[in-house]
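I opened a new model today and kept notes as I went.

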Amino acid sequence: AEQGSGASLTTAGVAPAAIWLVEKGPQWELYSNGLRIDTALTVKGTPRAFRVFDREGNLDPRVHHAPVGLLFHTSESDVWPLEAAYNENLRGTSQGLLRYVQKNRLYHYVIDRFGRVFRIVAEDSKANHAGNSVWANADRVYLNLNHAFLAVSFETRWEGGQALPITQAQLAAG
């Protein structure tokens, strides 16, 4: 789409009515919306399991295993200019980040500056992304969001109280 044409790259064209797995290789997955996920670094962790409280503090006796939402993060990485002259720095920083995230099982997904999506922690496992945390939605209260939420990290960082801009490729991948 041309700049100023009124249509963005993400709204132009036909969108699928649903999103499904189209094809799967030994280290990748391709989905009907064009998303390709690199799965080469995927590790298992502690199985996802959490309990829910109501607003009055009553514990639901069921143990839940399906995530209830997404929690977006910034990676707090070095952010090099998105220019060809910094290509080696950009690639090196991304590879270092991916190794660190995998070693510590920090996020389910990382979206690098080029818009590539990497699954790091398997979705049926908890990731260590939220520490001691609580979130309420309507009449339900969730403790320990590591188990209750999927973690998606954009390779960027906070500076001066706000996140540095993500790239167009990261926005489309997200």
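**Notebook: rings and sheets**

I started at Trp80, which is partly exposed, with a relative accessible area of 29%. (Buried means under 20% relative accessible area, exposed over 50%, and partly exposed in between, with a 1.4 Å probe and protein chains only.) I then looked up Tyr86, which is also partly exposed, at 29%.

Ground rules next. This is a predicted model, where local features need pLDDT of at least 70 and side-chain atom pairs count only at pLDDT 80 or more, while totals for chains, interfaces and linings use all residues. Residues are numbered from 1 along each chain as its sequence is written, and side-chain values use heavy atoms, with hydrogens and water left out.

**Rings**

I searched the whole structure for aromatic pairs and found five. One of them joins Trp80 and Tyr86: the pair is stacked, 6.1 Å centre to centre, with 25 degrees between the planes. (Rings of Phe, Tyr and Trp, the last by its six-membered ring, pair if their centres lie within 6.5 Å; planes under 30 degrees apart count as stacked, over 60 as edge-to-face, the rest as tilted.) Which residues do ring pairs link into a cluster? I noted Phe50, Trp135, Tyr142 and Phe149.

**The sheet of three strands**

I listed strands as DSSP runs (E, at least two residues), numbered from the N terminus. Two strands pair if DSSP finds at least two bridges between them. An open sheet runs in the order E4-E9-E8, with antiparallel pairing. Its edge strands are E4 and E8, each pairing on one side only. Neighbouring strands here are turned by 25 degrees against each other on average, direction ignored. (Axes are lines fitted to C-alpha atoms, and angles run from 0 to 180 degrees between N-to-C directions.)

I checked E4 (residues 52-54) against E9 (residues 140-143) and counted three bridges. Phe53 stands opposite Val141 in E9. Strand E8 (residues 134-137) is joined to E9 by four bridges. Trp135 faces Tyr142 across this pairing, and Asn137 stands opposite Arg140. E8 and E9 form a hairpin with two residues between them. In the turn, Ala138 has a positive phi of about 55 degrees.

**The sheet of seven strands**

I traced another open sheet, in the order E1-E2-E3-E7-E6-E10-E5, with mixed pairing. Gly25 has Trp28 in E2 as its bridge partner.
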